[in-house]
Amino acid sequence: MPIFGDVDIQPTNCLILALVDKLEEDRRKKAANVVTDPFLPCHEDHNHESDVWCQDCKQTYCNDCDRTVCHRSKVLRRHKRVPVSLRPVREIPACPIHPEKDASYVCLIILNQNQLFPDPTCSATIYCTLCQKARTHKGHKSKKIEEHLESNRKKLDELHNRITVSVNVLKKKSNDSEEAWKTFVDKEKIASGRKKIEDYHNRQLELALSRYDNWVEVMKEEFHEEHIKCSADWHLQERILKRVSNKRMRKDTLYDINSIMEESIRNVADEEKTYPTLQDYDFPDGMGPIGPVVVRRNDDRTIPVEMPVQRAPDPVPEQLDAPGNPVVIDVGDEVVVDVAEDDDI
Ligand SMILES: [Zn+2]
Ligand SMILES: [Zn+2]
Ligand SMILES: [Zn+2]
Ligand SMILES: [Zn+2]
């Protein structure tokens, strides 16, 4: 029912609205067809790729322009249109001198511009059989145009393949390099690299500390054994000394000292050994290949005055400031044993 009582208004409005819709749809379709630099531009819009060839207009169109613009009217709709691939293409051009005839030859003298002395009598690159009869290119190196086109087609095919390969390779290179570049900007990825370094150093630290702990264990065992051995030697020597003293004091068995002499034949105190404390060690490469080294220190054992560089694998390496003099046993005197410290001989 007409709202305003005027029955003519509604159909007119509907027609206009339909037209507007149609225009809008056309506009959208046209926009969707737009390509930059099409192979064969549509005659209606040079940014469209052609789909059909009209034999009557002698033009190519895209499907949309063909249907909606160019061949819309009843008369034009009768035009014969074929797929663009069936468009007749004249690959062999006309002779420039005799346009009514197809060219049959290519003059290579003119074609190769780098020829030193092009013949002035030859004025066109391609020529027909009439030109040939007129001897315009007499003595010029020429080629049949079909052969020349075929050879050019092959050259273009090869070039196309070669450039396609380079395009793909370069596209990949460009993408790959961009991807790589972006990772060096990405804060998260940078942080993950730092984390790897941290992890590595933490592992190294754990390793070094465990090497240190093992070394401490080994040293502890060896020094303990050494202490037991020295202590036993010391007590043995003390007992011998006591017997020697008795012998000297009592004098009644002086005629026989063989057993005592035999027993004390090993002078253990002659072995020179030093015993660095744990504080005498430094670890210049953090328990790396150099390992723990004994450093020369001042008397207060605090300031290293010299750092030996050789490795000290020996658990009892050469100590430079021996903590004390070895025990001196002199059987010719009274008791002269230095027993100030347990660890010292
Ligand atoms: Zn047409
Ligand atoms: Zn078009
Ligand atoms: Zn000609
Ligand atoms: Zn020529």
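## Zinc ion (ligand 1)

Along the chain, the residues that donate to the zinc ion (ligand 1) follow the spacing C-x2-C-x13-H-x7-H. This is a predicted model. The donors are C54 (SG), C57 (SG), H71 (NE2) and H79 (ND1), at 1.9 to 2.2 Å from the zinc ion (ligand 1). The four donor atoms subtend angles of 104 to 114° there, so the arrangement is tetrahedral. For reference, ideal angles for four tetrahedral donors are 109.5 degrees.

C57 has 26% and counts as partly exposed, because the buried class ends under 20%.

## Zinc ion (ligand 2)

What spacing do the donor residues of the zinc ion (ligand 2) show in sequence? The pattern is C-x5-H-x13-C-x2-C. C42 (SG), H48 (ND1), C62 (SG) and C65 (SG) coordinate the zinc ion (ligand 2), at 2.1 to 2.4 Å.

Angles between the four donor atoms around the zinc ion (ligand 2) run from 97 to 132°, which makes the arrangement tetrahedral. The cut-off matters here: four donors count as tetrahedral if all angles lie between 85 and 135 degrees. C42 is buried, at 0% relative accessibility. H48 is buried too, at 1%.

Are C128 and C131 buried or exposed? C128, at 0% relative accessibility, counts as buried. C131, at 3%, also counts as buried.

## The three-stranded sheet

Three strands make up an open sheet. Their order is β5-β4-β6, and the pairing is antiparallel. Strands β5 (126–127) and β6 (142–144) stand at the edges. Each has a single partner strand, so one side of each lacks a neighbour in the sheet. In general, strands of a sheet pair through backbone hydrogen bonds.

How many bridges join strand β4 to β6? Three do, and the two strands run antiparallel. Strand β4 covers residues 105–107. C107 has S142 as its bridge partner in β6.

## Helix α5 against the sheet

Helix α5 (residues 145–183) packs on the sheet. The helix touches β4, β5 and β6. Its direction makes about 85° with that of β6.

H148 belongs to helix α5. At 12% relative accessibility, H148 counts as buried. Which residues does H148 touch, leaving aside those up to four places away in sequence? The contacts are V106, L108, L111 and K143. Of these, V106 falls within the residue range of β4 (105–107). K143 falls within that of β6 (142–144).

## L207 in helix α6

Helix α6 spans residues 187–250 and contains L207. At 41% relative accessibility, L207 counts as partly exposed. The limits explain this class, because buried means under 20% and exposed means over 50%.

Where does L207 stand relative to M287? The two are 80 residues apart in sequence. In space they are 8.8 Å apart, C-alpha to C-alpha.

Conventions:
Residues are numbered from 1 along each chain as its sequence is written. Chains are lettered from A and ligands numbered from 1 in the order in which they are written. This is a predicted model: local features need pLDDT of at least 70, side-chain atom pairs count only at pLDDT 80 or more; totals for chains, interfaces and linings use all residues. Side-chain values use heavy atoms; hydrogens and water are left out. Helices (H or I, at least four residues) and strands (E, at least two) are DSSP runs, numbered from the N terminus. Buried means under 20% relative accessible area, exposed over 50%, partly exposed in between (1.4 Å probe, protein chains only). Two strands pair if DSSP finds at least two bridges between them. Contact means heavy atoms within 4.5 Å. Axes are lines fitted to C-alpha atoms, for helices over the stretch in contact, and angles run from 0 to 180 degrees between N-to-C directions. Donors are N, O and S atoms within 2.8 Å of the metal (3.2 Å for Na, K and Ca); water is not among the atoms, so sites may look incomplete. Four donors count as tetrahedral if all angles lie between 85 and 135 degrees; four count as square planar and six as octahedral if opposite donors are over 155 degrees apart and all others between 65 and 115; anything else is irregular.
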